Amino acid sequence: MASGLLDIGSSALLSYQRALDTIGHNVANVNTPGYSRQRVELAARLPQGTGAGYIGNGVDVITVKRSYNQFISDELRSNTTSFHDLDIMASMAGRLDDLLADENSGLTPVLGSFFDAVQGVANDPASNAARQVLLSEADALASRFQGLDKWMTDSRRSLGTQMAAKVEQINRLAGSIASVNQQIIDAQSAAGGQPPNDLLDSRDQLVLQLSEYVALTTTSQDDGAMNVFIGNGQSLVLGVRANTVGLVERSDDPGQYDITIGVGGAQPITVTGLITGGELGGLLRYRDQVLDPAVNALGRIGVELATFMNEQHRAGVSLNGLPGQEMFSVTSPQVVADANTTGSISVSFDDVSKLTTDDYHLSFDGSGWALTRSGSGQAVPLSGSGTVADPFVAEGVSIVVGSGAAAGDGYTIRPVRNGAGDFRMLIENPRDLALAAPVRTSAALANAGTGQISAGTVTDIDNAAFQTPPGTLNPSVLVHFTSPTAYEIVDQSTSAVIDSGTYDPASGADIFPTATLGVDYGYRVRITGNPAAGDEFNVTYNSNGTGDNRNALLMAGLQTERLMAGGTLGFNDAYGEMVADVGSATHQAQVSSDVQRTVLEQSQSAWSEASGVNLDEEAADMVRYQQAYQAAAQVLSVASQLFDSLINAVRS
């Protein structure tokens, strides 16, 4: 009897000692990140059967179990991933938003100053000082385009550095998880299947840290190891083996990086489009959804502003009497061939007013060509046949396909990627500013009627009449009225009649293109009023237009014209839309980040409640087990006394 009581007391004493040890372990790790409180699980020993019934044999500790809720832990990982994704997205987008919207660093102020200078020189075209101001403001505009583009280009490069750091952390954590998996397998095997709680906590903490960088899923193996997957199921950790995440610079886009993952000894596969969540996913989203579209949006403004200003400036005459030259440089569309492409293409701008901010991919399947938007893969209609005489045309670009194309050939086309970075001021001499119109009209002093002729408007400065040779109007023409309702157009150099037409004093007449033969010299003049028979009107080259501001006024008018996006946006509108898009993305990310922060804090509280150490609870348990321990010690004391009494009885 004493022996049985001794065993019962010993089992209780040992069990409660282990319970107290566990409580002490909990208290010691109250501030350890990721530590889950542990509890001993007690079970009665199998009783001993007797003729009088079953008599208990005491208690055993069957396991030490951690407080763990799989659902709450998964929710904590998911919310951690979402928060870090949104937080870094909001942070990065906020910097770009601050840059673009700032009145000192944005494009709007210098764009306004440039057009103010154009208006200023239109008010006083003969002023060399006003012309010099225009050159200075144009150069400042070019510098701002280049500065904004450089900031965004540098930001793209810094993204590569940040992504490399995230990838390094992912690989470090993946290796640590695989190592802990091995320790768990060994420990669980050595303990006969008992869970190594502290190692499990360590692994969970590593997985939680990993979720800060990338979205992941996990599965458990029978041996206790945990598998970790990223993307849409690419294995990062399989048991005790960790695969390697890599960062590879794109051959077709320097400064742009792809995420790869190497499985075993196989060639790494690109998983960029599959990576979501966490800081790495947030950086990718910022790059693809905010930064790159902003680079293209700014580039489109640069291309279209330069093109339209150049077209209008070339339609004018400088102080030297020469046709206007190009005012700004215009980039060429960027074209990069896919690997193993055998053919060639050339891409140029067609109608820049139709340009978008998208990049494209042109592919050949062996029988036909197809154009799609990069990223979405949406098909873009192509007109034309791709030849020099009939090029493919789509959304403002013209594509000519060379010979030697083979099935599988492909090209990435970025029409406006370099539009801002390549924006340059090309004029240095203020006398080269072409502010006057190249056409001068006049009525003969001897005219008897009341007819009037317009100043003339250029429609095609490349017309042969202006270019053979440049700086002339060949031929200069004379409009001679043979009667009040009929006129002839005469070549002043040869006196030959070019064409003739009828005239209605009630509506007037456009002289070019001519009424009968459709002769067009690249300009328009109009006669109104009531000319008399014999009245004459001259159209000549404006070789001395010092005080002429007609072309300058047309250049200034470009500020308010809706020339972009198919005639729906002006330059300021397009920049405002760009800033609004970045600002909207920033605001949405910031609001979502704030909300997700609250959600994450709630998940952390739920985890702490379910798994964290509560010192008040531990104190209560300590008192309970201490009393049980003391009672068990008393049982041993009674067993000892009974044993002594029995020995003494036998001796006597």
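In the largest nonpolar core of this predicted model, which comprises 109 residues, the members that touch the most others are Leu96, Phe114, Leu141, Leu236, Met327 and Phe328. Such a core is a set of buried Ala, Val, Leu, Ile, Met, Phe, Trp, Tyr and Cys residues joined through side-chain atoms within 4.5 Å, buried meaning under 20% relative accessible area with a 1.4 Å probe and protein chains only. The greatest contribution, 19 residues, comes from helix α4 (residues 128–190). Beyond its neighbours within four places in sequence, Leu96 is in contact (heavy atoms within 4.5 Å) with Trp151, Met152, Tyr286, Val290, Leu291, Ala294 and Val582. A second, separate core of 27 residues includes Ala315, Phe512, Ile527 and Val539.

Residues are numbered from 1 along each chain as its sequence is written. The model being predicted, local features need pLDDT of at least 70 and side-chain atom pairs count only at pLDDT 80 or more, whereas totals for chains, interfaces and linings use all residues; side-chain values use heavy atoms, with hydrogens and water left out.

Helices are DSSP runs of H or I of at least four residues, and strands are runs of E of at least two. Of the 37 residues of α6, 31 are buried, so the helix is largely enclosed by the rest of the structure.

Ile453 has Ile527 of β28 as its bridge partner.

Methods:
Buried < 20%, exposed > 50% of the residue type's maximum accessible area, 1.4 Å probe, protein only. Pairing = 2+ DSSP bridges.
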